[in-house]
Structure formats: C-alpha cells, structure tokens
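Please consult the model while going through the numbered points.

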Amino acid sequence: MARKFISGNDAVAEGVRLARPHVISAYPITPQTIVVERLSDFCEDGSLKAIYMHVESEHSALAAAMGVSSVGARAFTATSSQGLLYMAENLPYASGARMPIVMMNANRALATPWNIYGDQMDSMFLLNAGWIQVYVEDAQEALDMMIQSYKIAEDPRVMTPFMVNLDGFVLTHTYEVVDVPEQELVDAYLPPLKLAENMMSLEAPKSLCITAGNNFNMEFKIKQNEEMNASTAIIAEVDASFAEVFGRKYHGLLEAIACDDAEVILITTGSVTGTSRMIIEEYRNKGHKVGLIKLRYLRPFPTEALAKVLKDAKAVGVVDKNISFGYEGTIFTNVNSAILQSGLTPKVHNFICGLGGRDVTKENIREMFDALLSSAAGDSCEKIHYMNVRCAL
Amino acid sequence: MMPKITAKNLTNDELFYGHKACGGCGESLAVRLAMKILGERTFASLPAGCMSAVSFIYPNMAFKTNAIITPFASTGAVAAGVAAGLKALGIENTYSVGFAGDGGTADIGLQALSGAIDRGDQIIYFCNDNEAYMNTGIQKSGLTPYGTRTTTSPAGENLPGSVTTKKNMFEIVAAHDIAYAATASVGYLEDYMMKVEKAKSVKGTSYIHILAPCPTGWGTPSEITISLAKEAVDCGLWYLAEYENGEFKLNKDPKAFTPVADYVKKQGRFKHLTETDIEHLETQRDKKWLKMRRDWNK
C-alpha cells in the first residue's frame, strides 16, 4: 500500500487505474478535467492497459461507453455539470439496457448564471435516470468507491450504471493523504468483468437496447426499479467485503454519527459532512443531543435505513446544495417522503446552501443545529433556510 | 482484384430477416445485402430510424447477429465503443458497423461520425440515404434534395418544397482523410456489394453512402425501387464514387444523362415541380459533374 498526497480528482484516477477498465472515453470539463488528464498519463506510461478514446463530446463519451459495455467490457467515463446534462439522454439508455458503466461526476453548478464551482444541481437533475448515485466525503472515499462501484454495478443482481459524485473543487481539487491499495489486492477483489450472458457475444448473439411497446414496456421498467431497490442489500454486502480486504468501511447506504440518543439530526451529503462532524463533536461536548446522517446513496434511496435512525428525532434538517425551482431542495423532498412513509412526525427543515460554490462554513452548520434545537424545543421556525446569503432578497 | 460478388455467389443465409419494413423499402435491402457480405461476426449499431424501428420489436429481433439501437446522435460513438470493447477483450475478426439514415448521419449524427473518423476507429459506417426523415413521417433532412415535398417542406405557391440542396456528405467525410469512403445506389447492387467487400479489409474507418428509395416517402410504387435508384444515377442526380488513398474516383461516368424530368415525374414528392425547377436541378447537376470530372478523373 502506498500513501500519496493527492487531490480528489487524482484519487479518482488512481481508483480507476486499480479497477482496470478496458476503455476510457474522455472529454474534459472543469472541475473533472484532471481525472481524464491523469488517466491519459497512466495509459501513456503503461500503468493502465486501457484503450483511451478522445471522444468529441460528453454525449459521445457515454455513448462510446455504452458500446464498450454492450460487448461485456469494462467502461469508465467522467463528467460534470453541463457535460452531464449534455449526455442526459444517454443515461436512461444505459440504465435501461442494464449496462454497468461507472462514471465520475464532479458536482458543479448549472448555467445560467455561468459558474464552474460546486453545487449539486447537476446530478439532482438526473436522479430519475436509473443510475445508482453515491456522494463521497473525501479523496479516500472517492478512490475506494471507484473500486466498490464496479463491484456493485457489475453484480448480476444489480447490472446498473453507477455515478460517483464528488463536490466540485472542494473535493476534486483538495489535496489529502490517501492510501492507494496494492493492485494484487484489487485484482483479487474485482476480477475481470465477464458478462456474456447479458451482453452481446459471438457465442450467443443478441439485440440490445430494444424496443418494447405499451404491451411490454412497463414490465421492463418495474423490473428495473425492483432490482435497483434490491441493490441496497448488495451495496451493504460490498461495503462489508471491501472492509475485510482493505480495512475501510463506509457503512453502506448511510452513516449515522452520534444519532442513538439524538433529538435533532442533520442530514448531509458529500463534503459538508466533514465540516458537520466537527460541529457535532463541539455541540455534544456542550451537552446538546445532536446527530448527523451522512447520506451516501440517493439512488437507491435508503428509506428504511433512514427511518431507523430518525425514529426518535424531534427535528430533522436536510442540507441541499440544490433547488428544485418552484419547490424546495431535492434531497429534502426525498427525505420527507421517507419520513412520511415510515409514520414518523419530526419537524423538518431544509437548509439550502453552497449554490455556485458558496462556502458552507462551520458557523453555517452551527446555525443549522441551532435552528433544529430551537425547533425541537417547540419554537416556530422557517421550513426552508437559505444559508450564508449576502443580502435580503 | 477481389472476386466480383453477384446474385450467383451471394450467400443464401439471411442475417437481417423478418423485419417490418414497408414493401419495396430500399434501405432494408441495403442493410440485408451488407449483412450478407459482412457475415455473422458483425456487430450492428443502429440509431433511431426506420431500420431500428422495424427490427428490434420485443420479442421479435430481426438481426441474427449482435445488434444494438443507439441514441439518435450516437451511431459513430456507439459503433466505435463496440469496436474498442471487442479489441480490448481480444475478440478478433469482427466488424463493428453502423447503419444510420440520412438525418441520423448528415444532421444529428454528424458530430459523432466526425469524431470516429478523426480517431480512425475500426468501424464501417453506412448512411442509408432515403432523403428525408421517413420514420417520423417524411420530414426534410440535410440530405433532402432541392424541390422535395416533405411534411415540413411543403410545396405551394410560395415554396417549391425543400429549398436547400443535399449536404455533401461524401466529401465532408473525405475531408477527414478517411481511410475509405464510397457512394452507392440500390440500383447498382453489384457495385454496392463490391464496396462493402472492400470496406471489410480497410484499416481504419470506412463510410458507404447508399441512395435507397423509400416508396412511402417518395410516393412511388414499391416495384420500381431498384429501377428508380438506377435512374437516379443515370440522370446524374446521384453518382457512384470512391475515396481511398487520398484520391477521389468516379466509378461511373455516363456519356449522356437520362432526362431529370423522367426521374422526378415518377415520384409523388416531385409531382409539383415546374420546368424551371427541373432546369434548376439540371444546372446543379451539371455544376457538380463538371467539378467531379475535372477534379476526380485524372
């Protein structure tokens, strides 16, 4: 095992190298670009034996990955923001055809106003695309998830494309010490892909991405949904087996931090979790019963796991780096549905922050916990809070 | 010199069979014959269009070989991905081919095709040109000729139908310095089949652009598809040519053209054309041939 001081993007590239994809289809976009730069270096120096395709757009990046996956080879691509939306029509194409493609997405704002910094408007846009979506907290998790993602996506019970999300700049460009596992360990954990049964092959030719009219279409979609829901078990399974081999675990769909006796719980995704961990410690030391949920997967959505952790909470806050215009933060909507389905009745609050790369500070997290504590104590409190805003609007 | 492929020595095996294309469909004939020549180790990529619409209807699959429907814009990219995947897996002696229509090639699919040619991907790309978006109900594409009545280029008092000329796909492709490109017509099938055979041994990207009449969209009886496609070449509105080793070559250079009027009058899509319109078509044709004869036949 090597310890390297690298950025989140470098960590993704290291993870991809270890996962040994057959083909990389690459198109640059800030803040993802370093991933495809590093991978081109690895292909050049021979440390990654993959075909590197310089595609002419994100649309073709995913389309080419689909071609690769359709013959049972392992494909990787990466994108961000406008690029993700440019390839949008191909996402349900790949998931409907049950292609286990892995894609890194550097979460970034959407134009307009034009902005290259991090928020989660892009991937939220594609929540319904039939892809598994995970949000990582740091560079180490980014590297590890490149390995886990192939393991999960290629499981015959799952066969679903996988999007690994990193907060633009805050994660993609921040340097951290990362453990890079030995290739032999990864090879043993993630054997070469063999998918002839589901994909095109000379032995058993097939037609893929077929047409199914109103007589059959619905059954295909229901099966896709049920198997995506069932992938929650495989996600937990892979996280456990990964921990056995590599000694690091991420607690599957979500991680509950100090939630056992918590009266108020904040739900975060991605890098905000790291900041929130510090505030949890600070508030616990002051005697406040605060808890934190690091929501790792948004699809499949961990309804049951969430309900289990939230069952005694008096107030729940959801951090959203996105807005569904005309409504609220998208994660908030999803969490509310899970709460309602589970028969829970906590007070719920939405903290919208970090749009277009606006800082989410420790002070902002304190403000969130203060609002939740006050709400839990019975005070009336706004449902939606916009954090760290310059001026009244 | 490769042996000539004729009806006599062409295989009786059908690799594209049982589809739901219209009677007299030129495009399905082009695909069927190409598949016979390419054989069973072919991986076909088809975007949205008539051929994908008629041949992948669950549970009836018309391709006996591997085949995949691609996003509309993505024929070049998916076929390139298939080729890369097969290469990476060490699966040899296969053909990754794309069968796209005129809109799927010259309009929405042009960028992905350009990317594939630029990379020199090992694919054979077929543009099955029936000169409009037929699958969606006969709308004008970038390869619709001047004066064509389509459902989005109506002919009336103010317009003669389509007012643009066919996008010059063959030369656009050649300008990439592609390894091999050819034009063909379902009216000259031996020429077409020879070109498919040739493309099989090309190292790099091949492009074959075949004119394929569509009785439904052209307003023609289904039994004249072949003779009409022949006449398109004989009257000079289409041409048979190749581009290889950086050189253009006209495969057929008629001493005299048959009348354009005879060709257009057989077709519902051109019924409204006036003598002036036809003269305009002839002028365009003569200009094109002057250039081709001057630059390509050395």
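1. Chain A contains 13 helices and 16 strands; helices (H or I, at least four residues) and strands (E, at least two) are DSSP runs, numbered from the N terminus. This is a predicted model, in which local features need pLDDT of at least 70, side-chain atom pairs count only at pLDDT 80 or more, and totals for chains, interfaces and linings use all residues. Residues are numbered from 1 along each chain as its sequence is written, while chains are lettered from A and ligands numbered from 1 in the order in which they are written.

2. The radius of gyration of chain A, taken over C-alpha atoms, is 21 Å, which agrees with the value near 21 Å for a compact globule of 393 residues. That rule is 2.2 Å times the number of residues to the power 0.38.

3. Of the 393 residues in chain A, 55% are buried, a residue being buried if 20 or more other C-beta atoms, placed from the backbone, lie within 10 Å of its own.

4. Two packed helices are described by the angle between their axes and the distance between the axes. Helix α1 (residues 8-19) and helix α7 (residues 139-153), both of chain A, pack at about 30° with axes 8 Å apart; axes are lines fitted to C-alpha atoms over the stretch in contact, and angles run from 0 to 180 degrees between N-to-C directions. α1(A) is therefore roughly parallel to α7(A), a term for angles under 35 degrees.

Key
Angles under 35 degrees count as roughly parallel, over 145 as roughly antiparallel, 65 to 115 as roughly perpendicular and the rest as oblique. A residue is buried if 20 or more other C-beta atoms lie within 10 Å of its own, exposed if 12 or fewer, and partly exposed in between; C-beta atoms are placed from the backbone.
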